[in-house]
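Reader: I'm new to reading protein structures. Could you walk me through this one, a bit at a time?

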Amino acid sequence: MKIDASIKLYIDASALRCFESCREMYRRRYIENIVPQKPAIHLEFGRCFHLGIEAFWKGLSYDESFAAASQAAQQLDQSYLNMKEREKWQEMKLYLPELLGVYYEQHDQEGIQLVAQIDGKKAVELEWELPFSIAGYPVLCGKIDRVMQRDWYISLIDNKTTSAFGQNWADDFYQEKSRDIGLALYDWYLRQVGMTPHQVIIEAAVKPYYGKTKDRRAAYRLFDMVSIIHNRKRFDSLLRWRVAELLHYMGSYGDSNHWPMSDGEMCRTKYGFCDYIHLCNEGNSPGNLNKFKPREEHLQLRVNLCH
């Protein structure tokens with residue numbers, strides 16, 4: 001397969017993260033463009049929560065924010081979920097009003113005036129794209145939750161939802177996000193356009209917990225991700241290597257039905273086995289393929305590219 005440089009290849013953090021985890025998973029998701037019919041409820045919950053907080057930064061009321069998040073949650077196709085997963089999803093939906101309420105309590109409308117402008121656009125849920133080389137190929141892209149600017153001081157903000165299980169949950173959360181490519185990639189982009197962040201922050205909405213003997217209300221916690229700033233040179237080198245490796249695989253194995261893949265720990269995550277493990281082990285039988293559907297783009301710029 002010869003890579004056609006006249007066709008733009010758009011690579012975001014999700015694609016790089018997927019490629020790093022398993023080359024064959026990347027091929028399935030981004031070359032064959034198939035994803036499981038079964039929704040990932042934790043990712044879907046995060047998407048619903050993001051819709052709610054996006055409403056805040058548009059100046060909308062709490063009721064309007066909750067309506068946006070709740071409507072998205074109601075639209076989730078639960079037909080591929082088992083009974084336990086459906087019960088869990090119903091439980092998670094009950095978290096939304098409390099989590100959004102805590103978010104509205106922790107922010108004020110005056111903060112909306114501090115949202116930065118990038119290329120004439122308000123930096124809230126900001127989609128961006130930037131050629132990675134002088135030749136314009138490939139193009140790195142993504143969506144930044146928020147960039148704030150007070151005078152010369154710039155803050156990159158990312159919103160996450162999490163659960164506070166275990167005494168060391170906060171340390172574990174920080175270490176996990178320090179290693180994730182997403183925040184570092186957003187920081188890289190802002191540096192390229194002359195908006196170098198002085199601070200990288202994760203705003204974590206901690207889900208409530210209602211147990212038999214103990215309850216814990218929803219909470220809001222900030223994580224100052226100084227490691228992102230301290231490791232910028234290391235990340236830039238890693239990014240060049242990772243993109244070059246991805247292009248090499250596309251050029252060398254693009255016509256192959258299987259790419260050299262991880263075999264071992266990456267086939268199983270904390271949520272269970274990899275979604276594609278049956279395809280890898282048993283092949284593209286009709287029964288296996290029926291469990292998948294075409295991948296839908298979450299970035300509008302790539303939706304526009306496809307059309």
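Reader: Which residue just after helix 2 takes a positive phi?
Author: Before we start, keep in mind that this is a predicted model. Go to the end of helix 2, which covers residues 23-31. Just past it there's a residue with a positive phi of about 60°, and that's N33.

Reader: And helix 2 itself, how many of its residues are buried?
Author: The buried ones are R23, E24, M25, Y26, R27, R28 and Y30. They pack against helix 1, strand 2, helix 10 and helix 11. That leaves helix 2 mostly covered, and the count of buried residues is 7 of 9.

Reader: Since helix 10 came up, what about R232: is it buried or exposed?
Author: R232 sits in helix 10, which runs over residues 232-253. Skipping its neighbours within four places in sequence, R232 is in contact with D187, R191, T196 and P197. Its relative accessibility is 15%, and the cut-off for buried is under 20%, so R232 counts as buried.

Reader: How do helix 3 and helix 4 run, roughly parallel or roughly antiparallel?
Author: Helix 3 is residues 41-57 and helix 4 is residues 62-74, and their axes are 7 Å apart. They pack at an angle of about 160°. Angles over 145 degrees get one particular label, so helix 3 is, relative to helix 4, roughly antiparallel.

Reader: Which class of residue has 8 members where those two helices touch?
Author: On the helix 3 side you'll find R47, C48, L51, G52, I53 and A55, and they meet S65, A68, A69, A72 and A73 in helix 4. Sorted by class, the contact of helix 3 with helix 4 has 2 polar residues and 1 charged, while the class with 8 is nonpolar.

Reader: I spotted some cysteines. How many disulfides does the structure hold?
Author: Take two of the cysteines, C22 and C141. C22 is buried, at 7% relative accessibility, and C141 is buried too, at 0%. A disulfide needs a pair of cysteine sulfur atoms within 2.5 Å. The number of disulfides in the structure is 0.

Reader: Last one: how far apart are the C-alpha atoms of H198 and S155?
Author: H198 is in the loop between helix 8 and strand 8, and it's partly exposed, with a relative accessible area of 36%. Leaving out neighbours within four places in sequence, H198 touches W152, Y153, I154 and I229. H198 and S155 are 43 residues apart along the chain, yet the separation of their C-alpha atoms is 6.0 Å.

Conventions
Residues are numbered from 1 along each chain as its sequence is written. This is a predicted model: local features need pLDDT of at least 70, side-chain atom pairs count only at pLDDT 80 or more; totals for chains, interfaces and linings use all residues. Side-chain values use heavy atoms; hydrogens and water are left out. Helices (H or I, at least four residues) and strands (E, at least two) are DSSP runs, numbered from the N terminus. Buried means under 20% relative accessible area, exposed over 50%, partly exposed in between (1.4 Å probe, protein chains only). Contact means heavy atoms within 4.5 Å. Axes are lines fitted to C-alpha atoms, for helices over the stretch in contact, and angles run from 0 to 180 degrees between N-to-C directions. Angles under 35 degrees count as roughly parallel, over 145 as roughly antiparallel, 65 to 115 as roughly perpendicular and the rest as oblique. Ala, Val, Leu, Ile, Met, Phe, Trp, Tyr, Cys and Pro count as nonpolar, Asp, Glu, Lys and Arg as charged, and the others, Gly among them, as polar.
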